[in-house]
Amino acid sequence: MRPSAILLAAASTLPLGGCCALARGLCGPDTTPWVSVDFQSPEATARTFLEALRRDDPEVVYACLARDCRQELGVDGVAAQLAWPQIRTQHPYLHVAGYAAVPPATRLGPDAARLRIAVEGAEIEVDLVRQTKWEVRYRRADGALYEPGALVADLAAQIALAPANGDERSTITLQPLRFRHDGLDAVPLDAIEFAGVVREWRVRRWREATRP
């Protein structure tokens, strides 16, 4: 019997959920239109992460991972294209999780959240953290976009917030942002597209949820 016939015969003996799981495992990444990449909330980051898993997109998968998660996976500082095979080796068929629905997150604090996602009869627990980063985005003469920046351990060290007296307004003062522009003596002001501090959610870890 041909391999394709064997696979079809095996699929026909599975319940509907198992058949879908097998089909997804065999068919590979999805190619339907992308949803927006969004890290502004735990739920948005989880949807971005699952979408990237489903589509086998290493760049976005890597972008979704918190620094501590990358370190634990052994891919911190590794190019996304090189890190992805290593992640998939540790977590085979991970992209099947991309078809799961994302429920509301449970907030564990101002910078921590948790999601329990149903995946093919099991539950995956996903922890997320909010990271703070200073960032400058500028374009060079050839149109290439550069985004120097770094994570900030203490937000108060980067931003000062001073409420005004009596008029329901506050003033934010940023610390100077010193950034590299290798190969350029200077960056024209009109080349700057963004300069400031961003706070975004990233995936800290995932694991099979324990049953109550």
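**Rings, cysteines and a pocket**

The model, which is predicted, holds three aromatic pairs. One of them joins Y138 and Y146 in a stacked arrangement, 5.8 Å centre to centre with 20° between the planes. Y138 is buried, at a relative accessible area of 1%, whereas Y146 is partly exposed at 36%. Y138 also pairs with F179: the ring centres are 5.7 Å apart and the planes stand at 45°, so this pair is tilted. Because Y138 lies in strand β3 and F179 in the loop between β7 (170-174) and β8, the pair ties together parts that are 41 residues apart in sequence. F179 is partly exposed, with a relative accessible area of 23%. Through these ring pairs, Y138, Y146 and F179 are linked into a cluster.

Arginines also meet rings here. R140 lies over the face of Y146, at 4.4 Å from the ring centre. The charged end of R70 sits over the ring of Y62, 3.9 Å from its centre.

At least two lining residues come from each of α5 (67-73), β3 (122-139), β5 (149-151) and β8 (192-208). The largest share, four residues, is supplied by β3.

What of the cysteines? A search of the whole structure finds zero disulfides. C64 is buried, with a relative accessible area of 0%, and C69 is buried at 3%.

Technical notes: Residues are numbered from 1 along each chain as its sequence is written. This is a predicted model: local features need pLDDT of at least 70, side-chain atom pairs count only at pLDDT 80 or more; totals for chains, interfaces and linings use all residues. Side-chain values use heavy atoms; hydrogens and water are left out. A disulfide is a pair of cysteine sulfur atoms within 2.5 Å. Buried means under 20% relative accessible area, exposed over 50%, partly exposed in between (1.4 Å probe, protein chains only). Rings of Phe, Tyr and Trp (its six-membered ring) pair if their centres lie within 6.5 Å; planes under 30 degrees apart count as stacked, over 60 as edge-to-face and the rest as tilted. A charge sits over a ring if NZ of Lys or CZ of Arg is within 6 Å of the ring centre and within 35 degrees of the ring normal.
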